[in-house]
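Subject: The two-chain model

Hi,

Here is the model I promised to pass on to you. Have a look at it first, and then read my notes below.

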Amino acid sequence: MERVPVLKIGDILLVSILIDMEDQVALQLQEDLADRIVETGCHGVIIDISALDIVDSFVGRTLATIASVSRVLDAETVVVGMRPAVAITLVELGLSLPGIRTALNVELGMELLARERVDDFIDDLIGDDDQDDADEAVVAAS
Amino acid sequence: MTAGGDIAGMERLAIRSDQDVVRVRQLVRTLAVSVKLSLVDQTKLVTAASELARNTLVYGGGGTVEAGRVDNGRRIGIRIVFADQGPGIPDLDLALTDGYTTGNGLGLGLSGARRLVDEFDISTEVGQGTTISVTKWCR
């Protein structure tokens with residue numbers, strides 16, 4: 001059985017799907033990615049589907065599952081490179097891929113992940129400040 | 001009922017494995033290009049064929065597909081007929097409802113495939129099997 005390679009680039013795992021995947025190959029990719037996220041500690045996954053001329057409900061569901069599993073493992077997934085005809089077909093099929101981040105190409109996908117990472121960092125800082133304020137308020141009240 | 005007989009240059013494939021589902025996609029893609037379906041219509045037809053081929057495998061326990069060019073005098077198109085001798089579909093209306101599934105899929109295969117083609121005919125009998133014929137016409 002063929003396998004889709006997973007490349008590590010800095011803090012990102014990059015997957016380019018270049019073959020017409022059998023269902024088993026898609027499921028294997030799902031497992032491989034989960035393993036690699038844990039092994040590398042990467043915080044971003046980019047899945048490039050620009051070579052796919054169709055995405056059916058099985059592949060669509062697999063992409064959604066990959067995104068959910070990644071999130072649980074503290075990694076954000078971006079699906080990039082979807083062809084216009086594939087987007088039209090997916091929506092008509094009834095699959096709008098909720099919960100999946102998309103970008104038009106790998107470069108924009110990387111920018112999106114980098115931006116999210118900074119936003120999360122700032123949110124964490126602000127969140128801590130709020131917590132400190134709340135602690136002070138408690139101290140002041142007592 | 002649409003039989004495979006009126007399909008010109010008909011190609012026939014067995015659907016018994018995941019690999020066969022890929023072969024069905026490749027066959028339909030080649031046919032769709034040969035009659036010059038638009039890119040979006042090619043994509044829709046191949047996607048519909050992928051859904052129905054998987055249904056034939058998963059729910060029908062395997063079967064056959066016949067595909068080829070059709071001509072109604074005004075337009076040409078591609079017709080694909082999926083047939084299995086599986087358990088059949090007891091409640092067709094329910095099976096054609098978005099989100100309904102007896103398996104572990106999304107329940108979009110049958111209802112979604114119907115939206116992606118121009119003609120969709122289904123005949124099914126419990127205990128006998130299911131035959132689905134879909135057609136996409138060139139615009």
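What follows is a short tour of the two chains and of the place where they touch.

Please keep in mind that this is a predicted model. For the complex, the predictor gives an ipTM of 0.89 and a pTM of 0.88. Chain B has a mean pLDDT of 91, and 95% of its residues reach 70 or more. The stretch to treat with care is residues 1-5 of chain B, where the pLDDT is below 50. Beyond near neighbours in sequence, that stretch has seven contacts in the model.

Let me begin with chain A. Chain A holds four helices and five strands, and from the N terminus on its elements run β-β-α-β-α-β-α-β-α. Of the 142 residues in chain A, 30% are buried. Among the contacts in chain A with a separation of 6 or more, 76% are between residues 24 or more positions apart.

Which strands does it pair with? One is strand 3 of chain A (residues 44-48), which runs parallel to strand 4 and is joined to it by five bridges. Another is strand 5 of chain A (residues 101-103), also parallel to strand 4, with three bridges between them. You can find both pairings from A:V78: this residue is the bridge partner of A:I46, and its bridge partner in strand 5 of chain A is A:R101.

The helices of chain A link these strands. Strand 3, helix 2 (residues 57-72) and strand 4 of chain A form a right-handed β-α-β unit. From strand 4 the chain then crosses through helix 3 (residues 84-93) to strand 5 of chain A, and this β-α-β crossover is right-handed as well.

Now to chain B, where an open sheet of five strands has the order 1-2-3-5-4, with antiparallel pairing. Its edge strands are strand 1 (8-15) and strand 4 (119-125) of chain B, each of which pairs on one side only. From one strand to the next, the twist averages 15°.

Helix 2 of chain B lies across strand 1, strand 2 (63-71), strand 3 and strand 5 of chain B, and runs at about 10° to strand 3.

Finally, how do the two chains meet? Here 22 residues of chain B are in contact with 18 residues of chain A. On the side of chain B that touches chain A, helix 1 (18-34), helix 2 (39-58) and helix 4 (109-116) of chain B each supply at least two residues. Which of the elements of chain B gives the most to this side? That is helix 2 of chain B, with nine residues. The residues on this side of chain B divide into seven nonpolar, eight polar and seven charged.

Happy to go through any of this with you.

Best wishes

Note on methods. Residues are numbered from 1 along each chain as its sequence is written. Chains are lettered from A and ligands numbered from 1 in the order in which they are written. This is a predicted model: local features need pLDDT of at least 70, side-chain atom pairs count only at pLDDT 80 or more; totals for chains, interfaces and linings use all residues. Two residues are in contact if their C-beta atoms, placed from the backbone, lie within 7 Å. Ala, Val, Leu, Ile, Met, Phe, Trp, Tyr, Cys and Pro count as nonpolar, Asp, Glu, Lys and Arg as charged, and the others, Gly among them, as polar. Two strands pair if DSSP finds at least two bridges between them. Axes are lines fitted to C-alpha atoms, for helices over the stretch in contact, and angles run from 0 to 180 degrees between N-to-C directions. A crossover is right-handed if, with the strands pointing away from the viewer, the path from the first strand over the helix to the second runs clockwise. A residue is buried if 20 or more other C-beta atoms lie within 10 Å of its own, exposed if 12 or fewer, and partly exposed in between; C-beta atoms are placed from the backbone. pLDDT is the predictor's confidence in each residue, from 0 to 100.
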